Number of protein chains: 2
Amino acid sequence: MSRAGEQTFIYDHPPVIRAHASIVGPKEGRGPLADWFDTILEDDILGQKSWELAEMEMVRRCAKDAMNRSRLSDEDVQAMLGGDLNNQIIASSFAARTLGVPFIGLYGACSTFVQALVTASALISGGFLENALCVASSHFCTAERQFRFPLELGTQRPPQASRTATACGAALLTADCDEYGLRITSGTIGRVIDLNITDANHMGAAMAPAVFDTIAAHLSDTGRTAEDYDLIATGDLGWIGRELLLALAEAAEVSLPPDRLIDCGASLYAQRQDTHAGGSGCGCVAAVSCGWLMKRIEAGDLNRLLLVGSGAMLSPTSSQQGQSVPGIAYAACIERSGA
Amino acid sequence: MSRAGEQTFIYDHPPVIRAHASIVGPKEGRGPLADWFDTILEDDILGQKSWELAEMEMVRRCAKDAMNRSRLSDEDVQAMLGGDLNNQIIASSFAARTLGVPFIGLYGACSTFVQALVTASALISGGFLENALCVASSHFCTAERQFRFPLELGTQRPPQASRTATACGAALLTADCDEYGLRITSGTIGRVIDLNITDANHMGAAMAPAVFDTIAAHLSDTGRTAEDYDLIATGDLGWIGRELLLALAEAAEVSLPPDRLIDCGASLYAQRQDTHAGGSGCGCVAAVSCGWLMKRIEAGDLNRLLLVGSGAMLSPTSSQQGQSVPGIAYAACIERSGA
């Protein structure tokens, strides 16, 4: 059995991240991580007739970029795992249509990219796939009109709201046994946690309990502490949610040193960019990890990273019906071979 | 490596279907399979305030029923894999919230149940999970108002339209090594196939090419013919789509004997029930397989079944923007131990 504990997969044959690619929109390309992303779009419509088609095209380009970097062709890629925030994950499935690759559609809201890494790593480590493409995307304009208000209304956003990033990240995982490379060595599946947050704008508050639950499960299952990681990077808690996570850890007496904890949503934009609580969206953690964090591990700046993607499992319908906002989080341990 | 070919997983340690449960709505409970379903609802609102909450409650009850039959408690279930047609799969994720079980949210439209069986079987065979709950649901009223028109409008449906089933199926898979039982021995991941069907009502036509593609891949990967199966049960092609599948197979010179091919959507309702092309929805193949087909294998009526779930990967947005309807299909081989 490859399983460590209740919620964590230990990969006996840890897959290598053979290639990764990131694309972000113009606003994201003016943020603090601008120099790291592989592609910064000049506009967010990509020559398409709708935002949704633009997001599909962004997924296709990002997937192709990762495939080109890996020197694998469409025919060589045995599966694509991923999803997005659009109803019925049309950005991902339409991109999979274009690529012709076997497709496992996932939905974990903004946690989808890490959910894909955890699932694909198990399928590769278990010998079912030799390689798999993990991809997730989000687009500010598709998300705004679907979840909130049409952009044309110019609705004011509350200070606790995050901004859905126009971004996509793709990682090509492979069973190759090269000595050197980034490897995914373990992954934790989250539970759906709900502390009765009913403000659908306040994603950080809705997701922080799920992030804490998954980190605590990961540490317990692996017998590690937060100090065993050079960095714990959460996805999309934003500045407020990060503080709530630290408070939850303190209350539960779980050591979570603030200097080892960053949030992808809080890292994507500068505060001067007026994005309120930070970035969110499936593409946020995907682009920040593929564009920035994986390169930091490759450069030797980090050895072992715990990447924790979190999602708010709400829909406009559930919110309108008065339901609170459940959160979920998945965690993947990414480290340099031999580290 | 446990992999047979390009798209098919061969499970070296085939999981056992330890328990299964099915729930259907009143109309489905008046169809030809009425005697087989475990629960027939007297109404389709289940004492809830909305159709969406009713669907969540249906998922929760069906999951609990399967867990009770398996004699596993909530705490024992290591993962729930599943999804539904609601935007952001809220029926499944809210049910997972109630159950407190680690959750892997999937979206494969009406193919989701088989997608869950294929993925969960790999995670169990690979040693990552000891047991997993696979579940998928659909509800006529949530689907109508989300994808089509509010029921109150009384809109007339075209003859090629299928009816979204109010139904849920749940199967609890386990690594237990009992001699006897139903086992999932292989699973095939589909590609997203699009032959440019733009009629969003005509699911059978949109999905038949994907179903054919997956069946052909499964047979090629495993070196089998359709005659190696006592039955091939497709999900949700309906009466028209089944004919299209037979035509595609004939054109490609792949043997697909009509007497070994049934469709869950075409089996769920009698033609006199005026459901036009047949049943559809994630719950259709889930309830028909858990309620009827698995019991037929247990009774010795069938030895080896190829269950093929198919999904139309469209959203109202993609249809309104003039996109055609891509299809996808997953296949799981279910057989009696020792068969």
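Predicted model: local features only at pLDDT ≥ 70, side-chain atom pairs only at ≥ 80, totals over all residues.
A: Two residues are in contact if their C-beta atoms, placed from the backbone, lie within 7 Å. Residues are numbered from 1 along each chain as its sequence is written, and chains are lettered from A, with ligands numbered from 1, in the order in which they are written.

Q: What pLDDT does chain A average, and what ipTM does the complex get?

A: The average for chain A is 94, with 97% of its residues scoring at least 70, and the predictor gives the complex an ipTM of 0.97 and a pTM of 0.97.

Q: How many residues does each chain bring to the contact between chains A and B?

A: Chain A gives 52 residues and chain B gives 52 residues. On the side of chain A that touches chain B, the elements that supply two or more residues are α1 (51-70), α2 (90-99), β5 (103-105), α3 (112-125) and α9 (316-320), where helices (H or I, at least four residues) and strands (E, at least two) are DSSP runs, numbered from the N terminus. That side holds 25 nonpolar, 22 polar and five charged residues; Ala, Val, Leu, Ile, Met, Phe, Trp, Tyr, Cys and Pro count as nonpolar, Asp, Glu, Lys and Arg as charged, and the others, Gly among them, as polar.

Q: Why can the copies be said to meet through the same surface?

A: Because 98% of the interface residues of chain A are also interface residues in chain B, the copies meet through the same surface.

Q: Which domains does chain A have?

A: The assignment, automatic or from a database, gives domain 1 (15-174) and domain 2 (182-336) in chain A, and their C-alpha centres lie 18 Å apart. Their contact takes 52 residues from domain 1 of chain A and 52 residues from domain 2 of chain A. On the domain 1 side, α3(A) contributes the largest share, eight residues, and the residues of that side divide into 30 nonpolar, 16 polar and six charged.

Methods. pLDDT = per-residue confidence, 0-100.
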